[in-house]
Amino acid sequence: MAPSARRTTAGLLLALAAVASCAPSTSVNSATGDSRTGTLRVWLFREVNNKPKEAVVADAVDAFVRDHRGVRVEVGYIPVETRAEKIKAAFNDPGSAPDLVEYGNTDTAGHVKDGGLADVTAELAARPGADAAAVASVTVDGKLYGAPLSVGVRALYYRTDVFRELGLAPPRTLAELAATARRIHRERPRLYGLAVGGAYTYGALPFVWAHGGDVARRSGRTWRAAIDDEKSRAGVRAWTGLFGDDNCPASRCAAMGGNDTVQAFASGRAAMAIAGDFNRKAVDDGPVRGRYAVVPLPGREPGHIAPAFAGGNNIGVLRSSSHRTLAVDLMKSLTSRRTQDRLFDAMGFLPASAEARRAAARRQPFAEPFVRTLDAGTVSLPASPGWAAIDAGQVLPTMFQEIVSGRKDVDAATTAAARRMDEAFRR
């Protein structure tokens, strides 16, 4: 039985894509016609600091409009946290739906099951560029339902000035990370040693994976929760143990999500944070610019890197689009090598091809710890429509928040979360 969190070698991820279980359901949002003029509507994710992204997208859109007479493009930016509800509502209301949408790589199977994304295999099958892992993130049952825009991975940001003043070195293990965070907070009480969030799933999961645990595992043709096994619980304890008056008080940190922890670091309120390559611009725009560095998040043993979530975003065409050809052309433009390179330079988003990532790291050494983290082996979440429901239902954030608030202990909270996960997978 293979674990749900497969290391992202190309072969394993292609296998994962092949077993994604649900083909598109019949939907009322099928397209009518294929107009070559008119207005294209695009929904993209709104980042912590969105202005640089908007500038890159605007340039790509302007070039597209110049090459397509009689065409306008309207771009809207939607919150990442509420994307599931907004996008699903669009699937059910073609009249107000966009033609193109950005979506997370964990959303693919659910969006395909809901019948919202168009099969664009014919238009993209021969397109070079993205590596196998990124292509797998848009693949269900051998068909392509979008194009990769970027890959995302998180590492450990730390304040070089604080570490120098206190005579500290970057932690080599997760245990050293916890000890370092507590020492910093003890000596600099106004700082969180390590900013953590009860709603920060992708900051927490490396602790679970580093302890040998998992979120879920395949069982025959479906998935079973694994967050309640003993190794997983050890990782949950390591993460939730960072909440408290000796580091990041639960009263302030229990409700924090990923963006909140990034903002805590960028604003100078934290000495460390687990943040993504895609958060670089937000940090550089804050008062800690020039006073931080990044290293891979350490594992349990010196020299090990904690497995990171294999994140990334894609762009897909909605089945309801009445401008399919134009929408596919714009999707190609927005996910082109040129646009991805510019998004890296502007935002730190890692390109979807290994070759482009290596070139990016040569241009900007900042990317090196993230590329090392990717090369060390990342982890994927279940390629199942059930995962979309688990994610939208905030099952894991609820579990973490129950623990750090003291409402439940680790055993009770993980048992309840596993029960909810199994119900979602069965449905």
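**View 1. An open three-stranded sheet in a predicted model.** Three strands make up an open sheet in the order S10-S7-S11, with antiparallel pairing, where two strands count as paired if DSSP finds at least two bridges between them, and where helices (H or I, at least four residues) and strands (E, at least two) are DSSP runs numbered from the N terminus. Because strand S10 (272-276) and strand S11 (292-295) stand at the edges, each with a single partner strand, one side of each has no neighbour in the sheet. Direction ignored, neighbouring strands of this sheet are turned by 35° against each other on average; axes are lines fitted to C-alpha atoms, for helices over the stretch in contact, and angles run from 0 to 180 degrees between N-to-C directions. This is a predicted model, in which local features need pLDDT of at least 70 and side-chain atom pairs count only at pLDDT 80 or more, while totals for chains, interfaces and linings use all residues. Residues are numbered from 1 along each chain as its sequence is written, and side-chain values use heavy atoms, with hydrogens and water left out.

**View 2. Strand S7, its partner S11 and the helix packed on the sheet.** Strand S7 (residues 154-159) pairs with S11 in the antiparallel sense over four bridges, and tyrosine 158 is found opposite alanine 293 in S11. Helix H12 packs on this sheet and touches S7, S10 and S11, its direction making about 125° with that of S10; contact here means heavy atoms within 4.5 Å.

**View 3. The mixed five-stranded sheet.** Five strands form an open sheet in the order S2-S1-S3-S13-S6, and the pairing is mixed. Strand S2 (71-79) and S6 are at the edges, each with a single partner strand, so one side of each is left without a neighbour in the sheet. From one strand to the next, the twist averages 20°. Within this sheet, strand S3 (residues 100-104) and S13 run antiparallel and are joined by five bridges, with valine 101 opposite glycine 316 in S13.

**View 4. The largest pocket.** The largest pocket holds about 960 Å³ of space and is lined by 44 residues, of which Val80, Glu81, Arg83, Arg154 and Tyr202 lie nearest its centre. Among the elements that give two or more residues to this lining are strand S1 (38-46), helix H3 (83-91), helix H12 (258-266) and strand S13 (311-317). On a 1 Å grid over the protein atoms alone, a pocket is an open set of points with protein on both sides within 12 Å along at least five of seven lines, a cavity is a set where a 1.4 Å probe fits but cannot get out, and lining residues have an atom within 4 Å of a point. Grid points are joined across faces, edges and corners, and a volume is the space filled by probe spheres set on the points.

**View 5. The largest cavity.** By this rule there are three cavities of 30 Å³ or more, and the largest cavity contains about 50 Å³ of space. Its lining consists of Leu44, Lys53, Val57, Glu102, Leu149, Ile315, Leu334, Thr339 and Leu343, and helix H2 (51-67) and helix H15 (337-347) are the elements that give two or more residues to it.
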